[in-house]
Amino acid sequence: MTELMIPLFMVLVSLTALRRRQDVYAALLEGGAEGLRILLSIVPALVLLLTAVHMLRASGAINALSALLSPLFQALGIPPETAPLVLIRPISGSAALAVGTDLIAAYGADSPIGRTAAIMLGSTETTFYTISVYFGASGIRKTRYAIPAALIADLTGFFVASLTAKLFS
């Protein structure tokens with residue numbers, strides 16, 4: 001039944017447009033043009049973010065920062081091995097997924113570190129990516145309190161992910 005949902009939806013939309021005497025093709029073209037305009041406004045921010053993530057990983061800055069922050073993470077109850085994930089996740093989802101995959105491969109899926117990494121990936125957001133896409137698409141230039149609030153939410157997510165992994169181990 002679910003494989004019929006999209007074709008049925010398309011037939012329903014087409015019949016509704018015919019009944020209202022609307023030009024569906026023109027509406028589709030207009031929607032496509034609007035999508036391209038939004039894409040052009042978002043691409044520069046995405047290129048900048050992806051370049052920054054690649055430079056940080058290739059330069060070893062993430063590893064150095066992870067080593068520097070390890071004592072703080074230990075004091076907060078967050079496994080220090082997850083430091084690269086905590087640093088990358090707010091910037092890039094795909095890079096964070098790669099780091100999470102590396103952690104799970106190195107320590108095992110059922111290890112405390114593997115569980116913590118999995119929960120962190122599921123309970124935090126790619127803050128800078130999301131803000132650049134949504135704010136860029138809507139033309140907002142000043143983020144005001146959005147970034148600090150989102151980063152505090154991410155930090156809370158990382159802390160609670162670590163706590164949850166410990167509680168349910």
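T82 is buried, its relative accessible area being 0%, where buried denotes under 20% relative accessible area, exposed over 50% and partly exposed the range in between (1.4 Å probe, protein chains only). The model is a predicted one, in which local features need pLDDT of at least 70 and side-chain atom pairs count only at pLDDT 80 or more, whereas totals for chains, interfaces and linings use all residues. Residues are numbered from 1 along each chain as its sequence is written, and side-chain values use heavy atoms, with hydrogens and water left out.

T82 is located in the loop between α3 (61-76) and α4 (83-88); helices (H or I, at least four residues) and strands (E, at least two) are DSSP runs numbered from the N terminus. When residues up to four places away in sequence are not counted, T82 touches L103, I113, T116 and M120, a contact being defined by heavy atoms within 4.5 Å.

The protein chain contains eight helices and zero strands, and from the N terminus on its elements follow the order α-α-α-α-α-α-α-α. The radius of gyration of the protein chain is 21 Å, whereas a compact globule of 169 residues would have a value near 15 Å. This quantity is taken over C-alpha atoms, and the globule rule is 2.2 Å times the number of residues to the power 0.38. Along its principal axes, the C-alpha trace spans about 65 × 40 × 30 Å. Of the 169 residues in the protein chain, 28% are buried. Among contacts with a separation of 6 or more, 68% are accounted for by residues 24 or more positions apart. The accessible surface of the protein chain amounts to about 11,200 Å², and carbon and sulfur atoms contribute 71% of it; accessible areas come from the Shrake-Rupley method with a 1.4 Å probe, and for residues only the protein chains shown count as cover.

Helix α1 (residues 5-20) holds F9, which is exposed with a relative accessible area of 54%. F9 belongs to a nonpolar surface patch of about 870 Å², made by M1, L4, M5, I6, L8, F9, M10 and V13. Patches consist of residues with over 30% relative accessible area and no salt bridge, like charges being joined within 9 Å and nonpolar side chains (Val, Leu, Ile, Met, Phe, Trp, Tyr) within 5 Å. V11 is also placed in α1 and counts as partly exposed at 47% relative accessibility. V11 and A61 are separated by 50 residues in sequence and by 54 Å in space, C-alpha to C-alpha.

Helix α7 (residues 127-138) includes T127. The 12 residues of α7 should span 16 Å at 1.5 Å a residue, and its end C-alpha atoms are 16 Å apart, in agreement; the expected span is 1.5 Å times one less than the number of residues. Buried positions in α7 are T127, I131, S132, V133 and G136, and what covers them includes α2 (24-59) and α8 (146-167). T127 has 2% relative accessibility and therefore counts as buried. With residues up to four places away in sequence not counted, T127 touches R89, P90, A150, L151 and D154. G139, with a positive phi near 80°, follows α7.

Two salt bridges are present in the structure, the criterion being a side-chain nitrogen of Lys or Arg within 4 Å of a carboxyl oxygen of Asp or Glu. One of them joins the side chains of E34 and R37 at 2.7 Å, N to O. Both E34 and R37 lie in helix α2, three residues apart, about one turn of the helix. An α-helix has 3.6 residues a turn, so residues three or four places apart point the same way. E34 is partly exposed, with a relative accessible area of 37%. R115 and D110 also form a salt bridge, their closest N and O atoms being 4.0 Å apart. R115 counts as partly exposed at 29% relative accessibility, while D110 is exposed with a relative accessible area of 63%.

Positive phi values were also found at two arginines. R21, in the loop between α1 and α2, has a positive phi of about 60° although it is not a glycine. R144, in the loop between α7 and α8, likewise is not a glycine and has a positive phi of about 50°. Most residues other than glycine have a negative phi. R21 is exposed, with a relative accessible area of 77%, and R144 counts as exposed at 65% relative accessibility.
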